[in-house]
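Let's take a walk through this protein together, from the inside out. Have a look at the sequence and the fold first.

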Amino acid sequence: MKKSLLIFFLFGLSSAGFAQETETKYDDNLAKSLNADEYGMKKYVFCLLKSGTNTKASKEETKKLFEGHMANINKLAKEGKLVVAGPFMKNDRNYRGIYIFNVETVDEAKALVATDPAIKANLLEAELTPWYSSAALQEITKIHDKIAKTKM
């Protein structure tokens, strides 16, 4: 009996969550400002960063190039051209990080990749591909700035 009551109670709690639908109101102005299509989506270019062919750079040179890499990330983010960037954790695939560029074509993204000192020096290499995702990604930087105590 106790088991039946517990199961009934747990089922009631789980189904209550489904019963409480929150009504989301479509915001046409926001959708237009983010260049969203009818699904709230848009085109981006996804960039997979991998270890490059330059394995002979000194520690000092590498440090300086990665400082430039971070400065470039911040610059592109402020310009609205880069909506997501981040490193991968240690892995066995030589994957180093990702960029998601707020551009529609791979050629546009190639021009942005060319501004990265670590890529220019072949410490990193970039693979680019068109990507389709939520237009809301463009809002991440604004939110991130509100939650990051220390800037990179």
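Predicted model: local features only at pLDDT ≥ 70, side-chain atom pairs only at ≥ 80, totals over all residues.

Residues are numbered from 1 along each chain as its sequence is written, and side-chain values use heavy atoms, with hydrogens and water left out.

Start with the core. In soluble globular proteins, nonpolar side chains tend to be buried together. A nonpolar core here is a set of buried Ala, Val, Leu, Ile, Met, Phe, Trp, Tyr and Cys residues joined through side-chain atoms within 4.5 Å; buried means under 20% relative accessible area, exposed over 50%, and partly exposed in between, with a 1.4 Å probe and protein chains only. The largest such core has 19 residues, and the members that touch the most others are Cys47, Leu49, Leu82, Tyr99, Phe101, Val103 and Ile119. Strand 1 (41–51), helix 3 (59–78), strand 3 (95–101), helix 4 (106–113) and helix 5 (117–120) each give it two or more residues. Helices (H or I, at least four residues) and strands (E, at least two) are DSSP runs, numbered from the N terminus.

Now zoom in on Tyr99. Leaving aside residues up to four places away in sequence, Tyr99 is in contact (heavy atoms within 4.5 Å) with a list that includes Val45, Cys47, His69, Leu82, Asp116 and Ile119.

Helix 4 is worth a stop too. Its buried residues are Ala109, Leu112 and Val113. They sit on the same side of helix 4, because they cover an arc of only 100° around the axis, taking the directions from the helix axis to the C-beta atoms. Among the elements covering these buried residues are strand 1, helix 3, strand 3, helix 5 and strand 4 (124–134).

Next, the largest pocket, with a volume of about 790 Å³. It is lined by 27 residues, and Met70, Ile73, Asn74, Ala85 and Met152 are the closest to its centre. Helix 3, strand 2 (82–87), strand 3 and helix 6 (140–147) each give two or more residues to the lining. The largest share, seven residues, comes from helix 3. Grid points are joined across faces, edges and corners, and the volume is the space filled by probe spheres set on the points.

On to charges. There are five salt bridges (a side-chain nitrogen of Lys or Arg within 4 Å of a carboxyl oxygen of Asp or Glu). One of them joins Glu67 and Lys63, with the closest N and O atoms 3.5 Å apart. Both residues lie in helix 3, four residues apart, or about one turn of the helix. Glu67 is partly exposed at 46% relative accessible area, and Lys63 is exposed at 57%. Glu79 also pairs with Lys75, at 3.2 Å from N to O.

Asn94, in the loop between strand 2 and strand 3, has a positive phi of about 65° although it is not a glycine. Asn122, in the loop between helix 5 and strand 4, also has a positive phi, near 65°.

Notes:
1 Å grid on protein atoms, 1.4 Å probe; cavity = no way out; pocket = protein on both sides within 12 Å on 5 of 7 lines; lining within 4 Å.
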